[in-house]
Amino acid sequence: MVFLANRANLDKRTLLGRLHNQLRTQVPAADSPIEQVWYHTSSGNKVGVRAALSPSGFLGQSYPIDTVELQVSFDFPATAEHDYYAIQWIESERDLLIGWHQDETHPDLGPCHFQIDHRDETIQRATATFRDEHPLNVFDQRLDDLVVLLNALEWTDGQPSVPDEAIR
């Protein structure tokens, strides 16, 4: 048994299993925005969890598209001082990605950054709150943050952005 309160004892496979189960148990519920859940794999290994969502159900209000994909991955590099993760909202229909990356990229923005990609181009990137809590808590907090971001999402001349004050 792996004790998840301690990062030293946490492994990616166990965490991804818990995330998958947490999301999958919501699929059969009539009022759940989660439509389908699956593992993302690479070379036969689990590297993330993905879920098809109803954005209107997730936000509790109308939304311009019917289905989005939530992509979640965590990593625990032995040489890093903190956990890495990517939590992303993907709208294939509008070629839009909104999410957080807590990793070694973009050191000028600190250990965590927020990013919007649109049409395969990064439109916005900003420093985001560093989260060093238990990964399941980080996941729950980022889902709450995602609601705030999506409600603040603006489109100007066909380009998406969110105001800096909405970025957490």
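Which residues are linked in a network of salt bridges? In this predicted model, the network comprises Arg131, Arg142, Asp145 and Arg168.

The secondary structure of the chain amounts to three helices and nine strands, arranged from the N terminus in the order α-β-β-α-β-β-β-β-β-α-β-β. The radius of gyration is 16 Å, close to the 15 Å given by the globule rule for 168 residues, and the chain is therefore as compact as a globular protein of that length. Along the principal axes, the C-alpha atoms occupy a box of roughly 50 × 45 × 30 Å. Of the 168 residues in the chain, 46% are buried. Among contacts between residues at least 6 apart in sequence, 40% join residues at least 24 apart.

Seven strands form an open sheet with the order 1-2-3-4-5-6-7 and antiparallel pairing. Strand 1 and strand 7 are the edge strands, each pairing on one side only. From one strand to the next, the twist averages 15 degrees. Strand 1 (residues 34–42) pairs with strand 2 (residues 45–53) in the antiparallel sense over eight bridges, and within this pairing Val37 has Ala51 of strand 2 as its bridge partner. The two strands form a hairpin with two residues between them; in the turn, Ser43 has a positive phi of about 50 degrees. On to strand 3, strand 2 is joined by five bridges, again in an antiparallel arrangement.

Arg50 takes part in two kinds of pairing between strand 2 and strand 3. Arg50 stands opposite Gln71 in strand 3, while the side chain of Arg50 meets that of Glu69 in a salt bridge (3.6 Å, N to O). Because Glu69 lies in strand 3 (residues 68–75) and Arg50 in strand 2, the pair ties together parts that are 19 residues apart in sequence.

Helix 1 (residues 12–24) lies across strand 1, strand 2 and strand 3, and runs at about 15 degrees to strand 2. Helix 3 lies across strand 3, strand 4 (84–91), strand 5 (96–102) and strand 6 (112–118), running at about 35 degrees to strand 4. At 1.5 Å a residue, the 18 residues of helix 3 (residues 135–152) should span 26 Å, which agrees with the 25 Å between its end C-alpha atoms. Buried residues of helix 3 include Leu136, Val138, Phe139, Leu143, Leu146, Leu149 and Leu150, and the charged residues Arg142 and Asp145 are buried as well.

In the salt bridge with Arg131, the closest N and O atoms are 2.8 Å apart. This pair links distant parts of the chain, with Asp145 in helix 3 and Arg131 in the loop between strand 7 (121–127) and helix 3, 14 residues apart. Asp145 also forms a salt bridge with Arg142, the closest N and O atoms being 2.8 Å apart. Because Asp145 and Arg142 are three residues apart in helix 3, about one helical turn separates them. Asp145 counts as buried because its relative accessibility is 4%, and Arg142 is buried with a relative accessible area of 0%. Arg131 is buried too.

Notes:
Residues are numbered from 1 along each chain as its sequence is written. This is a predicted model: local features need pLDDT of at least 70, side-chain atom pairs count only at pLDDT 80 or more; totals for chains, interfaces and linings use all residues. Side-chain values use heavy atoms; hydrogens and water are left out. Two strands pair if DSSP finds at least two bridges between them. Helices (H or I, at least four residues) and strands (E, at least two) are DSSP runs, numbered from the N terminus. The expected span of a helix is 1.5 Å times one less than its number of residues. Buried means under 20% relative accessible area, exposed over 50%, partly exposed in between (1.4 Å probe, protein chains only). A salt bridge is a side-chain nitrogen of Lys or Arg within 4 Å of a carboxyl oxygen of Asp or Glu. Axes are lines fitted to C-alpha atoms, for helices over the stretch in contact, and angles run from 0 to 180 degrees between N-to-C directions. Contact means heavy atoms within 4.5 Å. The radius of gyration is taken over C-alpha atoms; the globule rule is 2.2 Å times the number of residues to the power 0.38.
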